[in-house]
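Good morning, colleagues. Please take a moment with the model on the screen before we go through it together.

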Amino acid sequence: MQGAPEPGTPRVLAASEPSDMTPVLELIHEDTGITVRPTHMGTLDAVSSRACAGPAR
């Protein structure tokens, strides 16, 4: 995952397919003030990244 965690900002690890969700995430931000920060990467890269990173924080 990219960058340091930001308080109050949910981070979502997703494949590249849901990248078209950007308009929906922008609406969520406009309506709630919550910024969802997606990190798009391929499935195998994501599994490898998480497996090497240890427990989720």
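Of the 57 residues in this chain, 9% count as buried, where buried means under 20% relative accessible area, exposed over 50%, and partly exposed in between, with a 1.4 Å probe and protein chains only. The accessible surface comes to about 4400 Å², and 60% of that belongs to carbon and sulfur atoms; these areas come from the Shrake-Rupley method with a 1.4 Å probe, and for residues only the protein chains shown count as cover.

A word on provenance. This is a predicted model, in which local features need pLDDT of at least 70 and side-chain atom pairs count only at pLDDT 80 or more, while totals for chains, interfaces and linings use all residues. Residues are numbered from 1 along each chain as its sequence is written, and side-chain values use heavy atoms, with hydrogens and water left out.

On confidence, the chain averages a pLDDT of 75, and 60% of the residues score at least 70; pLDDT is the predictor's confidence in each residue, from 0 to 100. Where pLDDT is low, the predicted coordinates should not be read in detail.

The element order from the N terminus is β-α-β-α, with helices (H or I, at least four residues) and strands (E, at least two) taken as DSSP runs, numbered from the N terminus.

Finally, T9, which lies in the segment before strand 1 (11-14). T9 counts as buried because its relative accessibility is 18%. Leaving aside residues up to four places away in sequence, T9 touches T35 and R37, contact meaning heavy atoms within 4.5 Å.
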